[in-house]
Amino acid sequence: MAQSTLSALRFAWLEVTGLCQETCSHCYADSGPQGTHGTMTVTDWLSVIDQLADMGTVDVQFIGGEPTLYPNLSELIEHAHGRGLGIEVFSNMAHIRPELWDAFTQYGVRLATSYYSDNSVEHDQVTGLRGSHRKTRANVQKALELGIPMRGGVVAVRPGQRVEEAARDLVSLGVPQVGGDRTRAFGRASQGAAPTIKDLCGHCAHEKCAIGPTGDMWPCVLGRFLTMGNVKTSPVAEVWNGAQAARVTADIAAAHGNGVQSCTPPQFLPMCGPCGPCVPSVGHCDPREATAGASAIGAPA
């Protein structure tokens with residue numbers, strides 16, 4: 001089948017749950033304790049992983065909600081590893097079950113986390129979970145002690161927030177990559193405003209997609225208001241190459257211009273938001289952003 005989308009599919013966010021123990025006011029997914037695992041079954045996710053591998057996808061990132069709360073995450077990690085995919089889990093690191101630590105070390109999983117302050121009270125105020133700073137920091141240390149590749153991102157949520165101190169704290173622990181980002185007006189952070197394509201960075205759907213807990217495919221984690229199809233009712237390749245995906249990518253290009261995707265490689269840019277900084281298997285930043293320099297400490301150039 002000839003592709004009608006802009007590019008091959010190299011990377012996929014797999015949002016396995018909308019459940020999270022934290023209630024961050026800036027959560028783009030609007031996840032929290034009332035979230036669910038959706039309608040995608042374990043069999044559905046295993047099939048998606050197989051289809052992505054068959055399509056030549058290089059990396060997947062398990063996200064949520066909080067992906068470590070998904071009871072079958074270890075099974076999905078093992079399967080993705082067996083299919084030769086690079087794996088990253090983006091977690092708040094507040095609680096990691098023993099079997100997940102085993103899976104992370106056994107299958108070469110990379111970890112990423114959000115960190116909001118070196119001050120425990122301020123961090124906990126952002127997450128809405130008392131004790132989250134202590135738990136997250138301790139588990140970051142444990143991941144590094146186990147030799148698990150680890151990166152961090154500091155999102156500026158409120159005026160006066162100790163973002164620089166937070167980044168330095170992660171670096172002091174031994175985290176080699178610490179990126180920064182601002183709050184994006186999606187999910188709870190939008191405060192009820194309807195999202196628009198102009199609010200996106202424009203790199204959406206370029207060699208990447210996101211698949212949510214109900215099987216919907218989106219051009220990125222922030223572009224969930226732009227449904228490209230559903231992988232429960234159609235094969236992944238059929239959705240990716242389908243007419244609706246083509247319309248979504250055309251709408252994005254019309255709003256941002258094709259030139260926004262000209263830098264290499266654009267599929268894992270810090271400007272994409274919660275995935276920033278760059279996924280380690282890529283190791284590049286947008287050259288237009290790299291010169292700005294102010295938003296990242298230790299990020300690759």
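User: Which residues of α4 meet which residues in α5?
Analyst: On the α4 side they are Ser-120, His-123, Asp-124 and Thr-127, and they meet Ser-132, His-133 and Thr-136 in α5. Contact here means heavy atoms within 4.5 Å. Helices are DSSP runs of H or I with at least four residues, strands are E runs of at least two, and both are numbered from the N terminus.

User: Before we go on, what should I know about the model and its numbering?
Analyst: This is a predicted model, where local features need pLDDT of at least 70 and side-chain atom pairs count only at pLDDT 80 or more, while totals for chains, interfaces and linings use all residues. Residues are numbered from 1 along each chain as its sequence is written, and side-chain values use heavy atoms, leaving out hydrogens and water.

User: Thanks! At what angle do the axes of α4 and α5 cross?
Analyst: Roughly 105°, with the axes of α4 (residues 120-127) and α5 (residues 132-145) coming within 8 Å. Axes are lines fitted to C-alpha atoms, for helices over the stretch in contact, and angles run from 0 to 180 degrees between N-to-C directions. So α4 is roughly perpendicular to α5; under 35 degrees counts as roughly parallel, over 145 as roughly antiparallel, 65 to 115 as roughly perpendicular and the rest as oblique.

User: And how do α2 and α3 cross?
Analyst: Helix α2 (residues 73-82) and helix α3 (residues 98-106) have axes that come within 9 Å and cross at roughly 10°, so α2 and α3 are roughly parallel to each other. Leu-73, Ser-74 and Ile-77 of α2 make the contact with Glu-99, Leu-100, Ala-103 and Phe-104 of α3.

User: What else is Ile-77 in contact with?
Analyst: Beyond its neighbours within four places in sequence, Ile-77 is in contact with residues including Phe-62, Ile-87, Val-89, Tyr-107 and Val-109.

User: Switching topic: which residues touch the most other members of the largest nonpolar core?
Analyst: Leu-14, Phe-62, Ile-77, Phe-104 and Leu-111, in a core of 72 residues. Helix α1 (residues 42-54) gives the most to this core, with six residues. A nonpolar core is a set of buried Ala, Val, Leu, Ile, Met, Phe, Trp, Tyr and Cys residues joined through side-chain atoms within 4.5 Å, with buried meaning under 20% relative accessible area (1.4 Å probe, protein chains only).

Conventions
Buried < 20%, exposed > 50% of the residue type's maximum accessible area, 1.4 Å probe, protein only.
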